[in-house]
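Dear colleague,

I am handing over the structure below, together with a short account of what was found in it. Please read the account with the structure open beside you.

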Amino acid sequence: MSETSLDRETVEEYARWFRALADPTRIRIMRFLSGRLEPVPVGEIVDHLRLNQSTVSHHLKILHAVRFLTRRRAGASIRYAINPRCITEFPSAADIIIGAPLHSCQEPASS
């Protein structure tokens, strides 16, 4: 697939996704939330990462803005979860950008 086959809007969205993951704290947040079955309150994320709440909230805002996370109010707290769509869309974006077929990074089966 050539670079010109991606429309400008798609290219810009992919760039936002990759920028959002270009920070170690945001990767840690995504990894932490990926193992949770239920949305997690901000305080639990803060405790796990051992960072102050304003730092975590800043990173959550960025991840939510690119739709990697969903959020919902539960009483007085806001709870975050991985957006299930990002699980399928982000790897596809990476494959499209590098022009690789799906599962190209797997080792070939041994004979």
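Arg67 comes after helix H4 and has a positive phi, near 70°. Please bear in mind that this is a predicted model.

Helix H4 itself covers residues 53-65. Four residues of H4 are buried, namely Val56, His59, Leu60 and Leu63. Viewed down the axis of H4, these buried residues fall within an arc of 105°, so they line one face of the helix. On the face of H4 turned away from the buried side are the exposed residues Ser54, Lys61 and Ala65.

The aromatic residues form a second topic. The count of aromatic pairs comes to two. In one of them, the ring centres of Tyr14 and Trp17 are 5.3 Å apart and the ring planes stand at 35°, so this pair is tilted. Both residues belong to helix H1, where Tyr14 and Trp17 are three residues apart, about one turn of the helix. Tyr14 and Trp17 are both buried. Trp17 also pairs with Phe68: the ring centres are 6.1 Å apart and the planes are at 45°, so this pair is tilted as well. Here distant parts of the chain are linked, since Trp17 sits in helix H1 while Phe68 sits in the loop between H4 and S2, 51 residues apart. Phe68 is buried, as is Trp17. Together, Tyr14, Trp17 and Phe68 make up one aromatic cluster.

Finally, the largest nonpolar core contains 21 residues. Within this core, the residues with the most contacts are Ile29, Leu33, Ile45, Leu60, Phe68 and Leu69. The elements contributing two or more residues to the core are H1, H2, H3, H4 and S3. Which residues does Ile45 contact, leaving aside its neighbours within four places in sequence? They are Ile29, Phe32, Leu33, Val40, Val56, Leu60 and Tyr80. Among them, Val56 and Leu60 are also buried residues of H4.

With kind regards

Conventions: Residues numbered from 1 in each chain as written. Predicted model: local features only at pLDDT ≥ 70, side-chain atom pairs only at ≥ 80, totals over all residues. Heavy atoms only, no water. Expected span 1.5 Å × (residues − 1). Buried < 20%, exposed > 50% of the residue type's maximum accessible area, 1.4 Å probe, protein only. Arc of directions from axis to C-beta. Phe/Tyr/Trp six-rings, centres within 6.5 Å; stacked < 30°, edge-to-face > 60°. Core = buried A, V, L, I, M, F, W, Y, C linked by side-chain atoms within 4.5 Å. Contact = heavy atoms within 4.5 Å.
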